[in-house]
Amino acid sequence: MAIKTRSYSVDGKREMTMDEFERWLKRFDEDKDGKISKDELADAVRVSGGWFARRKSKYGIRSVDANGNGFVDDNEIKNLADFAEKHLNVRILHL
């Protein structure tokens with residue numbers, strides 16, 4: 001499952017809109033509960049070519065999980081997009 005994005009920027013970051021990011025992320029919600037777990041996020045990092053997927057997913061969940069339930073839910077997707085821009089070589093386009 002490859003990331004299909006609009007383009008790559010000059011600095012090599014994958015560019016996508018927030019809607020594209022959300023749709024891409026939802027494909028990894030294996031149990032369809034509307035939340036992204038640490039393991040589901042690790043799958044997303046791994047498929048996108050990222051190194052240290054488990055470590056990044058653990059750090060990502062810890063960084064963006066505002067309510068402390070151990071998952072990224074719809075209210076925390078924006079936080080995850082910010083994390084992805086800083087740590088996962090992604091640029092979110094705000095159109």
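**Note on contacts, rings and charges**

1. Setting aside neighbours within four places in sequence, Arg-46 touches Ala-53 and Arg-54 (contact: heavy atoms within 4.5 Å). You're looking at a predicted model, where local features need pLDDT of at least 70 and side-chain atom pairs need 80 or more, while totals for chains, interfaces and linings use all residues. Numbering starts from 1 along each chain as its sequence is written, and side-chain values use heavy atoms, with hydrogens and water left out.

2. Staying with Arg-46: this residue sits in helix α2, which covers residues 38–47 (helices are DSSP runs of H or I with at least four residues, strands are E runs of at least two, and both are numbered from the N terminus). Arg-46 counts as partly exposed because its relative accessibility is 39% (buried is under 20%, exposed over 50%, partly exposed in between, with a 1.4 Å probe and protein chains only). From Arg-46 to Lys-56 you go 10 residues in sequence and 9.8 Å in space, C-alpha to C-alpha.

3. What does the side chain of Arg-46 pair with through a polar contact? The partner is the side chain of Asp-43, at 2.9 Å (a polar contact is two N or O atoms within 3.5 Å; within protein, one must be able to donate a hydrogen and the other to accept it, and sequence-adjacent residues count only if both atoms are side-chain atoms). Asp-43 and Arg-46 also form a salt bridge, with the closest N and O atoms 2.9 Å apart (salt bridge: side-chain nitrogen of Lys or Arg within 4 Å of a carboxyl oxygen of Asp or Glu). Both residues belong to helix α2 and are 3 residues apart, about one turn of the helix.

4. On charges in general, oppositely charged side chains can pair when their charged atoms come close. The whole-structure search gives 5 salt bridges. One of them joins the side chains of Lys-26 and Asp-74 at 2.5 Å, N to O. This pair connects distant parts of the chain, with Lys-26 in helix α1 and Asp-74 in the loop between α3 and α4, 48 residues apart. Lys-26 is partly exposed at 33% relative accessible area, whereas Asp-74 is exposed at 52%.

5. Another salt bridge has the side chains of Lys-78 and Asp-82 meeting at 3.0 Å, N to O. These two are 4 residues apart in helix α4, so about one helical turn separates Lys-78 from Asp-82. Lys-78 comes out partly exposed at 44% relative accessible area, and Asp-82 is partly exposed at 28%.

6. Now the rings. There are 3 aromatic pairs in the structure (Phe, Tyr and Trp rings, using the six-membered ring of Trp, with centres within 6.5 Å; planes under 30 degrees apart are stacked, over 60 edge-to-face, the rest tilted). Phe-21 and Trp-24 make a tilted pair, 6.1 Å centre to centre with 40 degrees between planes. Both are in helix α1 (residues 18–26), 3 residues apart, or about one turn. Phe-21 and Trp-24 are both buried. Together with Phe-28, Phe-21 and Trp-24 form one aromatic cluster.

7. Tyr-59 and Phe-83 also make a tilted pair, at 5.6 Å centre to centre and 55 degrees between planes. Tyr-59 is in helix α3 (residues 53–64) and Phe-83 in helix α4 (residues 77–87), so this pair ties together parts 24 residues apart in sequence. Buried or partly exposed: which is Tyr-59? Tyr-59 is partly exposed at 42% relative accessibility, while Phe-83 is buried at 6%.

8. Last, the strands. Strand β2 (residues 14–17) runs parallel to β3, joined by 4 bridges (pairing takes at least two DSSP bridges). Arg-14, in β2, has Val-90 as its bridge partner in β3. Arg-14 is buried at 9% relative accessible area, and a polar atom of its side chain lies 3.3 Å from the backbone oxygen of Leu-88.
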